[in-house]
Amino acid sequence: MTVMQTSPPVTSLTPALTVDRVVWSARRRLIIDRVSLTVQPGETVGLLGPNGSGKSTLLRVLAGVRTPDEGHVTLGAIPLASMPKRERARRLAVVEQEVSSDLDLLVRDVIELGRIPRRQPWAPTSAHDRDVVQRSAELTEIADRLDQSYLTLSGGERQRAQIARALAQEPEILLLDEPTNHLDVRHQLSLMALITRMPVTSVVALHDLNLAAAHCDRVFVLDAGRVVAGGWPAEVLTRELIGRVYGVDAHVQRDGDDLRIHFRAAL
Amino acid sequence: MTSRRLALTRAGLLLTAAPVVVLLSVAGAITVGPSDLSTADVFGVVGDRLGLGPSDLTLIQQGIVWDLRLPRTLLAGICGAGLAICGVILQSMLRNPLADPFVLGISSGASTGAVSIVVLGVGGGTLGLSTGAFLGALASFALVMVLASLSGGTTDRLVLAGIAATQLFSALTSFIVFTAADAEQTRGVLFWLLGSLSAASWGDVAVCGSVVLAGLVVCFSTASWLDAFAFGSDAAATLGINVALTRALLLVLTALMTAVIVSVSGAIGFVGLVLPHLARALVGVGHRLLLPTSALIGAVFLVWVDTAARTLLDPQELPVGVATALIGVPAFALILLRNRHR
């Protein structure tokens, strides 16, 4: 196991996740352009940016599903690239945006998929597996739907089932790609509350700046594959930045820790 | 809770009862046939061969049981189990409910191989029909894999490449039969193309049985890798599955199993396409239960359909591929209708 030379001095807390000058391109188009960021244990970090800014791709790189052309992703002290796939899936769980299956799975089946990296492929479901599934379902408030078909769930319930599946992997880090997409306001709020409440480090790609401001400890703003700003939501999400990155005239109202953004018009 | 428990109990019952049903099916099927042999006679022969005391039948009668009915029935069970398993794997991995062992072009490649041997005399008599079929199947599969990987390697490309290969090899088969075969050969080839177990031998049982058994062991031991593909290959990758390796391993395995099965039985449709759906309706989508259930259902199904195919129209014999569809489709329609509210 090689420790990266760039690992931080022993005095500081080891970050849960370190992204160091990562580059990724598809068909010679640069999608992720020298992105660096760190995520501290227990934090909820928002990835913001307009459509096509590279949020989803960056999440895929963090998940290890896409291999960066340059740069490194480090999980704790271990480079992601040198980590066995199963080991990676035990430390890092991903909730993708709108996944679908043609199979008629029960909610329980879906959540139990999260146990795959934690048991041998031929082993039967153990009592411990069932316990973890039950606890994950309770945490995401989907336990009353366990024996229902996944296909019959609403959008918000499906998201919660997928998060429960991710939790069943018992990960240190959770990566979520626009989990509030297509949810109504109530479900958006309860889902974000759930994500911040959960006892894991989370990295969440988000569209809604107000949700990000209300629920994320820190945010990073991506524009054309680059990180253009990062830090506390209140210090990052300024009128100037929103205008520059999103092309929107916004009114930003600050009330202590509370941040409210009103969008007025496209610039 | 109740539906889950019901499904589990049903699965438990099925997995305990089904091997017994398979055994009874084989035992039952070998007592049926055009020759005038009583049940006691038939088991007398089996007992004789297993060293349990001599049978008083003539050698020809003993041969009918031991060298015709028994290997044929066993082969039917093996082919049924193997085809059903291949269907489960392909449907799960390609995420396509219409995938079956023939979607990879394997069966039409096999038919071209077989026809080349029988009609064109490729190999100068040194190669048998089943060897030709096996080689043709592998050639076709190789073509599909090359085509699919050159065009991007995604599963939809694989299915498209399979369809292209199927068309190509079917056309080649027809071309050879049309231009070179005499009436006798055409009839023989046609019978094989429609699926037939009438040439079953103990050798076939040994070869086919060991390949299918090995395939079953590998599939069962990777069952939850297949589960991981429920939400696609990216989702499988985030669950720690080596997607490329799993896909390659299972595709080659299904190709090999299908090639061996097709080379002894011809193209028996329906089993690989439909029985996995029936098994899912019974035990759900988890592969640790689905795979053994499909194998058992496939074995029982093909044993009885083949028995029907060789006896119902006596003295004529119906190609088993025709019988699987004639018997299977109405049965499947019933299941579809019963489950329409699920």
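This report describes the nonpolar cores, the cysteines and a pair of packed helices in a predicted model.

## Basis of the description

Residues are numbered from 1 along each chain as its sequence is written, and chains are lettered from A in the order in which they are written. Because the model is predicted, local features need pLDDT of at least 70 and side-chain atom pairs count only at pLDDT 80 or more, while totals for chains, interfaces and linings use all residues; side-chain values use heavy atoms, with hydrogens and water left out.

## Nonpolar cores

A nonpolar core is taken here as a set of buried Ala, Val, Leu, Ile, Met, Phe, Trp, Tyr and Cys residues joined through side-chain atoms within 4.5 Å, where buried means under 20% relative accessible area, exposed over 50% and partly exposed in between, with a 1.4 Å probe and protein chains only. The largest such core holds 147 residues, and the members that touch the most others are Leu62(A), Ile111(A) and Leu175(A). Helix α3 of chain B, residues 59–93, gives the most to this core, with 17 residues; helices are DSSP runs (H or I, at least four residues) numbered from the N terminus.

Contact means heavy atoms within 4.5 Å, and, leaving aside neighbours within four places in sequence, the contacts of Ile111(A) include Val133(A), Ile142(A), Leu146(A) and Arg165(A). A second, separate core of 34 residues includes Leu48(A), Ile195(A), Leu206(A) and Val245(A).

## Packing of α8 and α11 in chain B

Helix α8 (residues 202–221) and helix α11 (residues 243–265) of chain B pack at an angle of about 160°, with their axes 10 Å apart. This makes α8(B) roughly antiparallel to α11(B), a description used for angles over 145 degrees. Among the residues that make the contact are Cys208(B), Val211(B) and Cys219(B) of α8(B), together with Leu253(B), Met257(B) and Val264(B) of α11(B).

Thr258(B), also found in helix α11 of chain B, is buried, with a relative accessible area of 0%. Not counting residues up to four places away in sequence, Thr258(B) touches Cys86(B), Pro101(B), Phe102(B) and Ile106(B).

Conventions: Helices (H or I, at least four residues) and strands (E, at least two) are DSSP runs, numbered from the N terminus. Axes are lines fitted to C-alpha atoms, for helices over the stretch in contact, and angles run from 0 to 180 degrees between N-to-C directions. Angles under 35 degrees count as roughly parallel, over 145 as roughly antiparallel, 65 to 115 as roughly perpendicular and the rest as oblique.
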